[in-house]
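Subject: Structure handover

Hello,

Please find the structure below. My notes on what was found in it follow.

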Amino acid sequence: MSFMSYLISGISLGSVYAIIALGYTMVYGIAKMLNFAHGDIIMVGGYVVFIVTSTMGMSPVVGILAAVVVCTILGVTVERVAYRPLRDASPLAVLITAIGVSYLLQNLALLLFGADTKSFTSVITMEPLKLAGGQLLISGETIVTILSGIIVMIGLTLFINKTKTGQAMLAVSEDRGAATLMGINVNKTISVTFAIGSALAAVAAVLYCSAYPALTSQTGAMPGIKAFVAAVFGGIGSIPGAMIGGILLGVIENLSKAYISSQLSDAIVFSVLIIVLLVRPTGIMGRKISEKV
Amino acid sequence: MKMAKAKKNFWQGSGLTYGMVILAYILVEIALKTDHMSSLMEGLLVPLCTYSILAVSLNLVVGISGELSLGHAGFMCVGAFSGALFSKIMKGSIDPTVSLVIAILIGAAVAAVFGILIGIPVLRLRGDYLAIVTLAFGEIIKNIINAIYLGRDVNGFHFSMKSEIELGLGEGGETLIKGAQGITGTPQASTFTIGVILLLITLFIVMNLVNSRTGRAIMAIRDNRIAAESIGLNVTKYKLLAFSVSAALAGVAGVLYAHNLTTLAALPKNFGYNQSIMILVFVVLGGIGNIRGSVIAAVVLTLLPELLRGLNNYRMLIYAIVLIALMLFNSSPKAIEMRERAAEWFKKKRQAKEA
Amino acid sequence: MKRKILSLTLAAAVAASLAACGSSGSTSTTTAAAADTTAAGGETEAAAEEGAAETEAPAADGATWKIGAIGPLTGGTAIYGQAVVNGAELAVNEINAAGGINGYQIEYNSADDENDAEKAVNAYNSLKDWGMQMLVGTTTSNPCIAVADKTMADNMFQITPSGSAVECAANPNVFRVCFADPDQGAASAQYIGEHKLATKVAVIYDSSDVYSSGIYTKFAQEAENQGLEIVAAEAFTADSNKDFTTQLQKAKDAGAELVFLPFYYTEASLVLTQADAMGWKPMFFGCDGMDGILGVENFDTSLAEGLMLLTPFAADATDDLTVSFVTSYEEQYGGTPNQFAADSYDAVYIIKAALEDAGATPDMSVSDLCEALKTSMLNIKVDGLTGSGMTWNEAGEPNKAPKAVKIENGVYTAME
């Protein structure tokens with residue numbers, strides 16, 4: 001019985017990682033850059049919802065919409081100002097600017113909102129699901145997060161495979177030069193990618209902060225890096241992979257805390273990641289990269 | 001073509017790099033002797049050497065070998081802890097400077113062993129996957145060190161991964177490594193002179209390696225692995241060589257770091273992925289593959305937040321903006337073009353004046 | 001303002017020189033030389049800047065006290081550093097308004113250490129350049145240990161408001177306002193044992209944090225003496241400090257009646273929320289780091305109902321001192337002050353008491369001041385926010401009684 005409850009808490013933690021990883025992997029797969037600022041866009045989203053719902057007292061729906069709008073604008077602006085000028089430079093250059101943007105957002109939030117922790121009110125009012133006569137508890141946040149994850153996953157897959165913009169994204173991710181020759185506006189496509197990725201960050205912010213309601217300027221740092229791990233775990237660029245990677249990450253983290261050592265759970269999680277990558281060098285759902293001579 | 005140009009500059013440049021370091025050393029020593037240096041600057045001298053060594057050694061992996069490593073701070077951490085542990089055990093029984101020299105050798109050796117152990121499995125991976133695995137190793141090292149308890153009493157050494165109590169130290173026992181608190185009471189033996197010597201040795205090792213047959217093989221593998229393999233180069237061997245030399249040098253920097261402060265703990269701030277990324281920032285900003293650039297970037301970016309202290313709360317914000325602006329100015333194709341045009345314009349103007 | 005502009009130009013100069021060098025090796029000779037001169041220029045400019053700051057100093061009769069404070073003002077622990085810096089500033093302003101110490105006004109400055117030992121030493125050096133005579137800091141343990149050795153080398157008086165690791169106050173020139181970690185761990189176990197609160201105890205602690213693991217170690221030792229059984233000791237780390245359900249579940253399965261939480265309130269607010277979601281209601285017991293949980297903006301305080309903690313300071317105490325401190329803190333900085341702010345506020349008043357006891361004047365050298373203060377610290381008795389009748393011993397440890405409080409109806413209530 002206790003195994004089941006560890007598993008469930010692992011899945012709820014993992015579902016949060018998964019929803020963050022979905023946005024991450026999207027940008028990662030198409031723009032081919034490690035967007036270290038993704039976690040901080042989540043933090044911004046968290047603050048927007050907090051201000052709209054708790055400080056201004058408006059309904060959570062307004063808060064979520066505001067967060068989506070703010071994050072989308074922020075994501076697109078950051079891409080335009082900080083990443084686009086480096087499109088043809090070394091990929092590492094963009095990585096460093098992303099880190100700069102991450103510092104910038106964290107310190108801006110620190111100045112604007114102060115250092116003290118804000119307690120986020122969960123926007124999810126769903127009652128927890130009780131199983132096995134109240135022995136097992138699945139919180140409303142978990143259920144909503146998993147459902148949103150699945151919806152986002154299906155939505156993204158359909159979007160990429162069925163729409164023209166989605167196909168353009170695939171083309172850009174496959175071969176930027178060839179995509180340009182095919183008449184695809186690469187800049188516009190990447191802007192759209194960032195817009196969607198950041199909107200997903202806003203959704204992730206709402207769910208993440210509902211599940212773990214302590215909001216500070218550093219809120220985004222750890223989930224950002226965990227989402228990166230989850231995305232690689234599942235296979236970079238693979239949308240179902242991000243979902244699976246995220247959930248697996250949460251489950252491994254919690255089971256190792258429960259059964260091996262709570263002190264060393266970080267090390268165990270990362271060790272599993274390394275083993276997975278050594279066996280499957282492109283992640284669980286990743287595609288095999290063919291070598292070009 | 002770009003390669004050929006870089007190589008020529010290397011030959012012109014390696015002497016210049018040493019000269020630059022030595023000149024800086026002399027200037028600093030004069031300022032120190034004549035009391036013209038603020039305490040802040042004086043305190044920063046050793047860290048500047050530490051970060052320069054780290055940047056140069058990471059450049060060997062990222063620039064010369066072409067692998068993205070995000071775990072450099074992990075090697076620094078291993079070196080720092082093994083070196084500091086030695087000095088702590090030996091404290092009082094041998095001269096601090098001798099102890100530091102041995103500690104540096106130990107730090108380098110242990111970090112190199114870790115470099116080989118980690119390098120063998122991970123160097124099979126490519127690009128971002130390699131990056132994440134090195135990041136993971138860095139985090140594992142940090143996490144494990146935070147759980148290590150090591151003590152010593154009359155019965156010898158005691159070790160535990162759980163807590164200080166489990167060491168069961170006898171009368172007069174001493175805890176050497178105390179979990180999250182790490183090692184305290186390391187002798188402060190690092191000096192600017194030692195730092196500069198280590199930096200020069202690092203530069204010597206890296207620049208000679210780069211300009212040797214081995215270095216050319218490493219760069220050939222970076223530029224075209226398959227072609228290099230087909231002419232019979234042992235890819236794994238060369239990659240591993242670069243990786244472990246870089247790790248050893250990071251270990252040296254770690255020992256220097258550990259002996260500059262009396263407390264050594266594995267925190268996210270000093271040995272976590274943030275630090276690895278910070279070193280990567282030095283490398284990228286200084287120019288990938290450009291050794292001298294790494295030193296300059298490390299110095300400038302370490303000084304920058306300290307010089308911004310007058311801004312109080314806005315310090316880190318301005319730092320972030322400067323970092324982004326520098327990257328854009330330095331790397332974006334448009335800015336490079338603009339800079340070239342400006343240089344051209346100046347040249348013309350000067351020529352016009354001369355004529 | 002002037003300093004800001006200077007710093008900005010400096011940054012621009014550094015930036016420009018760097019940009020000139022970074023573009024690959026093609027323009028090597030000239031750029032490297034340029035970089036060197038700029039670096040040297042940077043140093044003199046920095047020195048000039050400090051000189052300017054010193055001459056600008058307002059003076060009553062030519063001399064002022066110079067007190068500096070250090071803490072993490074940015075990054076994940078900024079909340080504690082800002083509290084320390086604000087608390088000290090508040091005390092300095094009050095003392096200045098009331099005529100200063102021994103008739104001399106105080107100048108105050110603070111520096112950011114980012115919760116990093118190396119940065120803390122830099123922060124200390126920058127304050128030294130400013131002319132600091134006494135240090136209130138640092139806020140967190142590891143940086144504090146590093147700085148304590150530097151202050152000892154300079155023989156500068158240091159009082160740490162909240163550096164709680166034993167080693168922080170090991171040097172003779174360092175005194176402490178808060179309790180040392182082992183004291184808190186032992187006191188907590190004794191309190192639980194003597195009041196027979198529970199016999200089966202679970203501990204959740206942050207194994208990557210000195211404060212938390214230090215308290216846990218001593219607690220576990222003392223628990224044995226008190227007949228307490230530790231049924232579960234579960235750790236978490238700074239990298240995974242959001243989800244505590246597994247640790248709570250293990251504690252619950254082990255049949256714990258009381259859960260000891262020796263860490264800060266940001267994480268504790270999550271623990272309480274998650275325990276509530278699990279429908280588990282054991283007793284919770286915290287340390288001084290727990291203080292502030294009621295001040296978390298928007299926190300549902302009903303979750304903290306019944307929480308017990310040993311803390312020297314409670315923001316809603318009704319004595320005059322606390323009330324006036326809390327009111328002026330809220331006015332100036334917004335938000336309820338936590339224990340860190342109270343500790344550093346006390347630290348400044350402790351310095352004042354010791355300076356008055358020694359009859360010191362600001363024209364004394366840093367080292368002489370330190371020697372005078374070291375002696376006076378043993379004589380003085382201070383009534384502060386974090387304890388009344390506080391005295392110090394030669395080891396630099398305060399002698400004061402921890403107060404146990406329980407949260408009832410959303411407010412602290414004193415316990416026996």
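Helix 9 of chain B (residues 235-258) has 24 residues and should span 34 Å at 1.5 Å a residue; its end C-alpha atoms are 34 Å apart, so the two agree. The expected span is 1.5 Å times one less than the number of residues. Helices are DSSP runs (H or I, at least four residues), numbered from the N terminus. Of the 24 residues in helix 9 of chain B, 20 are buried, so the rest of the structure largely encloses this helix (buried: 20 or more other C-beta atoms within 10 Å of the residue's own, placed from the backbone).

This is a predicted model, in which local features need pLDDT of at least 70 and side-chain atom pairs count only at pLDDT 80 or more, while totals for chains, interfaces and linings use all residues. Residues are numbered from 1 along each chain as its sequence is written, with chains lettered from A and ligands numbered from 1 in the order in which they are written.

Between the chains, 38 residues of chain A are in contact with 34 residues of chain B (contact: C-beta atoms, placed from the backbone, within 7 Å). On the chain A side, helix 4 (91-113), helix 9 (221-234) and helix 11 (265-279) each give two or more residues. Helix 4 of chain A gives the most, with twelve residues.

Within chain B, the axes of helix 3 (residues 72-90) and helix 5 (residues 127-145) come within 8 Å and cross at roughly 30 degrees (axes: lines fitted to C-alpha atoms over the stretch in contact; angles: 0 to 180 degrees between N-to-C directions). Helix 3 and helix 5 of chain B are therefore roughly parallel (angles under 35 degrees). Among the residues that meet there are Phe81(B) in helix 3 and Phe137(B) in helix 5.

Regards

Terms used: A residue is buried if 20 or more other C-beta atoms lie within 10 Å of its own, exposed if 12 or fewer, and partly exposed in between; C-beta atoms are placed from the backbone. Two residues are in contact if their C-beta atoms, placed from the backbone, lie within 7 Å. Angles under 35 degrees count as roughly parallel, over 145 as roughly antiparallel, 65 to 115 as roughly perpendicular and the rest as oblique.
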